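Student: Could we go through this model together? I would like to begin with the charged side chains and then turn to the strands and the core.

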Amino acid sequence: MIHSIVNGNLRADGEIKALPSGGSVLRLRVASSDRDKIDGAWQDVTTWVTVAVFGARVESLARLCTKGTKISARGKLAVREFDKRDGSRGYSVELRADDVELMGGPRREGGAATSAEPSASYSDEIPF
């Protein structure tokens with residue numbers, strides 16, 4: 001099992017999905033961009049990770065996880081294989097979060113970040 005830390009910005013509001021067990025999962029799409037030299041030219045490269053949050057914190061965290069929010073999540077890293085719409089195989093990186101920290105709210109008009117509970121930390125056991 002690989003433990004990792006993912007830092008980045010949410011590219012959409014968090015999405016809650018019901019589980020067959022009766023619980024729920026909060027899915028967060030996180031993007032982080034870096035500049036890499038590719039074929040001799042500097043380019044922006046974006047890495048996408050889905051962060052899955054389980055347990056009692058799902059509802060309260062979902063209200064705070066809106067598009068543009070910067071987060072830091074720690075947990076178990078996994079690669080998932082899936083069928084694309086065109087019939088080919090695709091891969092996604094998923095982090096099953098043990099801990100999520102809000103680093104700041106999305107940018108609003110005028111460039112100021114919202115601060116509805118910045119740096120709030122949520123942590124509990126994953127139920128599996």
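Tutor: Let us begin with R89, which is partly exposed at 40% relative accessibility. Please keep in mind that this is a predicted model.

Student: Which residue forms a salt bridge with R89?

Tutor: The partner is E81, and the closest N and O atoms of the two residues are 3.0 Å apart. E81 is also classed as partly exposed, with a relative accessibility of 45%.

Student: How many salt bridges does the structure hold?

Tutor: There are 7. One of them brings together the side chains of D98 and R74, at 3.9 Å from N to O. This pair links distant parts of the chain, since D98 lies in strand 6 and R74 in strand 5, 24 residues apart.

Student: Is D98 buried or exposed?

Tutor: D98 has a relative accessible area of 17%. The cut-off for buried is under 20%, so D98 counts as buried. R74, by contrast, is partly exposed at 36%.

Student: And K17, what does that pair with in a salt bridge?

Tutor: K17 forms a salt bridge with E15, with the closest N and O atoms 4.0 Å apart. K17 is partly exposed at 39%, and E15 is partly exposed at 44%.

Student: Changing topic: which residue of strand 3 stands opposite K17?

Tutor: K17 stands opposite V25. V25 in turn stands opposite F54 in strand 4.

Student: How many bridges join strand 3 to strand 4?

Tutor: These two strands run antiparallel and are joined by 14 bridges. Their hairpin has 2 residues between the strands, and D39 takes a positive phi near 50 degrees there. Strand 2, residues 15-18, is also antiparallel to strand 3, with 4 bridges. That hairpin has 5 residues between its strands, and G22 in the turn has a positive phi of about 100 degrees.

Student: What about the largest nonpolar core: which members touch the most others?

Tutor: They are L26, L28, V51, V53, L61 and I71, out of 19 residues in that core. At least two core residues come from each of strand 1, strand 3, strand 4, helix 1, strand 5 and strand 6.

Student: What is L28 in contact with, leaving aside neighbours within four places in sequence?

Tutor: Its contacts include V49, V51, V53 and I71, as well as L10 and C65. In soluble globular proteins, nonpolar side chains tend to be buried together.

Note on methods. Residues are numbered from 1 along each chain as its sequence is written. This is a predicted model: local features need pLDDT of at least 70, side-chain atom pairs count only at pLDDT 80 or more; totals for chains, interfaces and linings use all residues. Side-chain values use heavy atoms; hydrogens and water are left out. Two strands pair if DSSP finds at least two bridges between them. A nonpolar core is a set of buried Ala, Val, Leu, Ile, Met, Phe, Trp, Tyr and Cys residues joined through side-chain atoms within 4.5 Å. Buried means under 20% relative accessible area, exposed over 50%, partly exposed in between (1.4 Å probe, protein chains only). Contact means heavy atoms within 4.5 Å.
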